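Hi,

Here is the structure I promised to pass on. Have a look at it first, and then read my notes below.

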Amino acid sequence: MSKILVIAEHDGVMLNPSTAKTVSCASKIDGAEIDVVVFASSAKEIAGQAAALQSVTRVLTVERQENEHAVAAVLAPQIVVLCEGYSHVFGPSTTFGRDLMPQVAALLGVNQISDIMSVLSSHSFKRPVYAGNAILTVEAPVDQIVVATVRTASYAASGTGNSAPVSTTNVDAELPTHTRFVDLQSGATDRPDLQTANKVVSGGRALGSSENFEIIYKLADKLGAGVGASRAAVDAGYVPNEMQVGQTGKIIAPDLYIAIGISGAIQHLTGIKDAGTIVAINKDEEAPIFEVADIGLAGDLFSIVPELTDAL
Amino acid sequence: MEKILVGLKRVVDYNVRVRVKSDGSGVETDGVKMSINPFDEIALEEALRMKERGDASEVIVVSIGATEAQQQLRTGLAMGADRAILIESSGELDPLRVARIFKALVDREDADLVLLGKQAIDDDNNQMGQMLAAIWGRPQATFASRIELNGNTARVTREVDAGLETNEIDLPGVITVDLRLNEPRYVKLPDIMKAKKKPMDVIPLAELDVEGGPAIRELTYEAPATRERGIMVDDVAGLVAALKDRGLI
């Protein structure tokens, strides 16, 4: 039987939705018993949110001052102690999990499986390589612990309504002080989170300036959508980096994705190919984005977008 | 700071449209253009700028793989690295083994900083730098978009999902870089000529005596499911109708 430890991602207050998606992936393994561990300085609220997730057997909390911010070099040695007796350790393939999980694997002396997009069996998985241009089936040795990250866009969040037991654990591990959190500059807004929003509106370089991006925000607000951008728009400085959608930014799977003034570079398409419906609005009828769009509209975005906003 | 080690991986050029082989054994690499992994090029550029500012005295580029990787190391030397090391190996190497090879080189060279791309664009693993930091027992700062050296510490701004996070790390350590850290320089012809005279050590992998981790077996490669081209609408009214049809608004 598989016993899976899922590392919770959170910001100190709220459980990140990536955790529910990682649990959902873990639950695809037959007969899996899934525990979630929360490392925090104060874990009670977050643990409560994790305990509500379907498929979770129990929630462990490790409360230490050093766990206030997620520092990989601090968390990894604690996970190594805690994962004794587990067959799998999973984390989300977000910047949190990608930073942390390879450290866990290396300390355990095993290789890691990155970006699980499909579970074939307890030790066999599919993952994207070459920016999603190829899908690779891999098999981990059965006599070793499996350390993996989960491509969150491939999984719906595990439902809530569960009330798994929560217990506090002490972990005896020596923690380094060589890495210190200084600050986090976050462009947090009231809009839905890009990675979990059901609807996303993205703008590209054709917007021309950060002032012009205003029309994207207006449309998004009318739809109740999150806002993203192409790499070109981020590199041009129209919007901050955390809004970037694509292989080197965020990989998302909303029900509705509206790409505005985005030509559709491969690396951008990699980030949206699991979206339900893709709408493209672009001046250039030959733009590659139309090759993958379910609904295309060729024309001037500066007249189309305000008109669309008014029509909704 | 004395020495910076920079990893340069030879990968299929980022402009190449990758195709899966019909027998599922891998992707087509015959006659395909190979280049330095783009993230690694950014790492090298940053190391060279550190040296030019007087923050480091030597930049060493390292590659692990087939003899052909010497081409990428020569490019690195032409960009301005002082010398190159190729750990020659014909077979596929797992990330943990690559990390252990880097650890052996860090010890041999007594390196102060290892600068790496955040991931290679072929296997997209995003593991090696973190693994190296873990087995070295030294700090890591991943996804760097800004690096400020202050003597024995570095302040690194990291591109994380929530925004820009700044960490301070003690040196020596490992920093993996993201796209927006810098724009790598172009190589000029005279530099290519000069690079031919720069030293390149070729060390057979067997000489290092580094074991790999338990292998993750690669079973098959397949092409991803493709999306079908949909419909074109003529105007906003058509778009709104199509969205309503699908129950999206």
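Chain B has six helices and 13 strands (helices are DSSP runs of H or I with at least four residues, strands are runs of E with at least two, and both are numbered from the N terminus). Before going further: this is a predicted model, where local features need pLDDT of at least 70 and side-chain atom pairs count only at pLDDT 80 or more, while totals for chains, interfaces and linings use all residues. Residues are numbered from 1 along each chain as its sequence is written, chains are lettered from A and ligands numbered from 1 in the order in which they are written, and side-chain values use heavy atoms, with hydrogens and water left out.

Back to chain B. Along the principal axes, its C-alpha trace spans about 65 × 45 × 45 Å. Of its 249 residues, 53% are buried (buried means under 20% relative accessible area, exposed over 50%, and partly exposed in between, with a 1.4 Å probe and protein chains only). If you take the contacts in chain B with a separation of 6 or more, 70% are between residues 24 or more positions apart (a contact means heavy atoms within 4.5 Å). The accessible surface of chain B is about 11,400 Å², and carbon and sulfur atoms account for 46% of that (areas come from the Shrake-Rupley method with a 1.4 Å probe; for residues, only the protein chains shown count as cover). As for charge, chain B carries 33 positive and 43 negative side chains, with the centres of the two sets 3 Å apart. Lys and Arg count as positive and Asp and Glu as negative, with His and the chain ends not counted; each charge is placed at NZ of Lys, CZ of Arg, CG of Asp or CD of Glu.

One spot in chain B to look up is B:P172. A cis peptide bond joins B:L171 to B:P172, with omega about 0°. B:P172 sits in the loop between strand 9 (163-170) and strand 10 (173-177), and it is partly exposed at 26% relative accessibility. Leaving out neighbours within four places in sequence, B:P172 is in contact with B:A111, B:D112, B:W136, B:R138 and B:P139. B:T153 is 19 residues from B:P172 in sequence, and their C-alpha atoms are 8.3 Å apart.

Now for chain A, which has nine helices and 16 strands. Its radius of gyration is 21 Å, close to the 20 Å that the globule rule gives for 312 residues, so chain A is as compact as a globular protein of that length (the radius is taken over C-alpha atoms, and the rule is 2.2 Å times the number of residues to the power 0.38). Buried residues make up 59% of chain A. Its accessible surface is about 11,500 Å², 47% of it from carbon and sulfur atoms. Chain A has 20 positive and 34 negative side chains, and the centres of these sets lie 1 Å apart.

Where does A:D183 touch chain B? Its contacts, not counting residues up to four places away in sequence, are B:L164, B:E165 and B:T166. A:D183 itself is in strand 11 (residues 179-186) of chain A and is partly exposed, at 30% relative accessibility.

How many aromatic pairs are there over all chains? The count is two (rings of Phe, Tyr and Trp, the last by its six-membered ring, pair if their centres lie within 6.5 Å; planes under 30 degrees apart are stacked, over 60 edge-to-face, the rest tilted). A:F90 and A:F125 have ring centres 6.5 Å apart and planes at 75°, so this pair is edge-to-face. It links distant parts of the chain, with A:F90 in strand 4 (residues 88-92) and A:F125 in strand 7 (residues 124-129), 35 residues apart. A:F90 is buried at 0% relative accessible area, and A:F125 is buried at 0% too. A:F213 and A:Y217 make a tilted pair, 5.9 Å between centres and 55° between planes; A:F213 and A:Y217 are both buried.

A:D115, in strand 5 (residues 112-116), is not a glycine but has a positive phi of about 60°. A:Y130, in the loop between strand 7 and strand 8 (134-139), is not a glycine either and has a positive phi of about 50°.

Cheers
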